[in-house]
Amino acid sequence: MNSNVLAFSEHREASHLAEHVRNENLMSPEEVDYSSRFEEIVGSSIPLRKILSQVARVAPMDSTVLILGETGTGKELIARAIHKRSSRWTRDFIRVDCGAIPTSLIASELFGHEKGAFTGAMQKRLGRFELADRGTIFLDEIGELPMDTQIALLRVLQEGEFERLGGSRPIRANVRVVAATNRDLEAAIEDKSFRADLFYRLNVFPIEVPPLRERMDDIPLLAEHFASRFARLAGKRINTISDSALKLLQSYDWPGNVRELQNVVERAVIVSDSHALHVDEQWLSGTRSRLRVTPPPISRTFSSRHKEVIEEALMECKGRVSGPFGAASRLGVPSSTLESRIKMLNIDKRRFRPRFNDLY
């Protein structure tokens, strides 16, 4: 084969590879491979598959995403999956933990500052928004932002620009914003600790990440994933997880969610002297009160006060049924069960939702 033919062949191969990468990156939601792993997210339960379908739909867009969920559910993994499946995947993914930065420094951290902007500002500093140019910025614990910084963030979302502290020149921001919180932002709006207009700007595409207790089918896959990782790091060989360990792991309600499961599996690997992984019941925090017990039928749970109890829960949760801040979670029943009971009792859940004017 002469050099021209070889060069043409290599060029065609490279073109096919590039086309494949583009197609894979922009695949439609129907083409997503829902195997046991999606990016770094492990699981195949129905609640998780629903979330991954949402991720696949919104990732190719530039829409702002608000990720809701309890601590330890993997909100950052969802944010990274959105970034990796977007057209910005070759650019930076910048994470900011809004709750870990002192209030006096958060504006400088996000938007940067000019030399002499405040005591100790010895030189110009670029903020995270500038560093994330043409990429994605992930604002974790968005509910912890102080009010003045919320106003500056609102300007970025509305106008696509900001100013460094001490600066007078607006800077354009070509950044996709993905935010996350474990707080009930609607309640924070009522408490006047979070701006309603910022909430609506962030809440373009909300994704509620289910707690681990709602995706128990994923525990074997997650346990195997963590066991394999930690065994490799420890130089150990673990081939299986004992039946008793799996049974225990699936009977616990995991208040610390996936993060707590990861810690328990790591501890089990550290103390393991065999090829089978075992778990000590005492490692599960508050085991006696946290082990799952089959709940009584809903008729026994609510007794003769069904309608009153449900309406009271809906009022407290502002008409929300599912999710970490929903009435189903408050009442300790599956959201599908509560929805059917609401329908059967002819309860209008819409009347418990706050009216727009009530938010101001």
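I count a residue as buried when its relative accessible area is under 20%. With that cut-off, I find that buried residues make up 43% of the 360 residues in the chain. The model I am reading is a predicted one.

**Entry: the chain overall**

I looked up the elements. The chain has 16 helices and 11 strands. Next I checked how far apart in sequence the contacting residues are. Of the contacts with a separation of 6 or more, 71% are between residues 24 or more positions apart.

I picked an open sheet of five strands and read off its order, 4-5-8-3-9. The pairing is parallel. Which strands form the edges? They are strand 4 (93-97) and strand 9 (205-208), and each pairs on one side only. Neighbouring strands are turned by 20° against each other on average, direction ignored.

Then I went through some of the pairs. Strand 5 (residues 136-140) pairs with strand 8 over four bridges, in the parallel sense. Within that pair, Leu 139 has Ala 179 of strand 8 as its bridge partner. Strand 3 is joined to strand 8 by four bridges, again parallel. Here Ile 67 stands opposite Ala 180 of strand 8. Strand 3 (residues 65-68) also runs parallel to strand 9, and four bridges join them. The bridge partner of Val 65 in strand 9 is Phe 205.

**Entry: strand 8**

Is strand 8 enclosed or open to the outside? Six of its six residues are buried, so strand 8 is largely enclosed by the rest of the structure. I checked the two faces separately. Arg 176, Val 178 and Ala 180 lie on one side, Val 177, Ala 179 and Thr 181 on the other, and all are buried.

I also noted a helix here. Helix 2 (residues 46-58) lies across strand 3, strand 8 (176-181) and strand 9. It runs at about 155° to strand 9.

**Entry: Val 209**

I moved on to the loop between strand 9 and helix 9 (219-234), where Val 209 is found. Is Val 209 buried or exposed? Its relative accessible area is 4%. The cut-off for buried is under 20%, so Val 209 is buried.

I listed what Val 209 touches, leaving out residues up to four places away in sequence. The list is Ile 51, Ile 67, Leu 68, Gly 69, Thr 73, Lys 75 and Ile 78. I also took one distance. Val 209 and Leu 48 are 161 residues apart in sequence, and their C-alpha atoms are 7.9 Å apart in space.

**Entry: the second largest pocket**

I read its volume as about 530 Å³. The lining has 24 residues, and Gly 72, Thr 73, Gly 74, Lys 75 and Leu 77 lie nearest the centre. Strand 2 (41-42), helix 3 (75-84), helix 9 and helix 11 (257-271) each supply at least two lining residues. By type, the lining divides into nine nonpolar, six polar and nine charged residues.

**Entry: cavities**

How many cavities of 30 Å³ or more does the whole structure hold? The search finds two. The largest cavity has about 50 Å³ of space. Its lining is Leu 66, Leu 68, Arg 183, Asp 184, Leu 185, Glu 186, Phe 199, Arg 320 and Phe 325. Strand 3 and helix 7 (185-190) are the elements that give two or more residues to this lining. I sorted the lining of the largest cavity by type: five nonpolar, no polar and four charged.

Definitions and conventions
Residues numbered from 1 in each chain as written. Predicted model: local features only at pLDDT ≥ 70, side-chain atom pairs only at ≥ 80, totals over all residues. Heavy atoms only, no water. Pairing = 2+ DSSP bridges. Axes fitted to C-alpha atoms, helices over the stretch in contact; angles between N-to-C directions. Contact = heavy atoms within 4.5 Å. Buried < 20%, exposed > 50% of the residue type's maximum accessible area, 1.4 Å probe, protein only. 1 Å grid on protein atoms, 1.4 Å probe; cavity = no way out; pocket = protein on both sides within 12 Å on 5 of 7 lines; lining within 4 Å. Points joined across faces, edges and corners; volume = space filled by probe spheres on them. Nonpolar A, V, L, I, M, F, W, Y, C, P; charged D, E, K, R; others polar.
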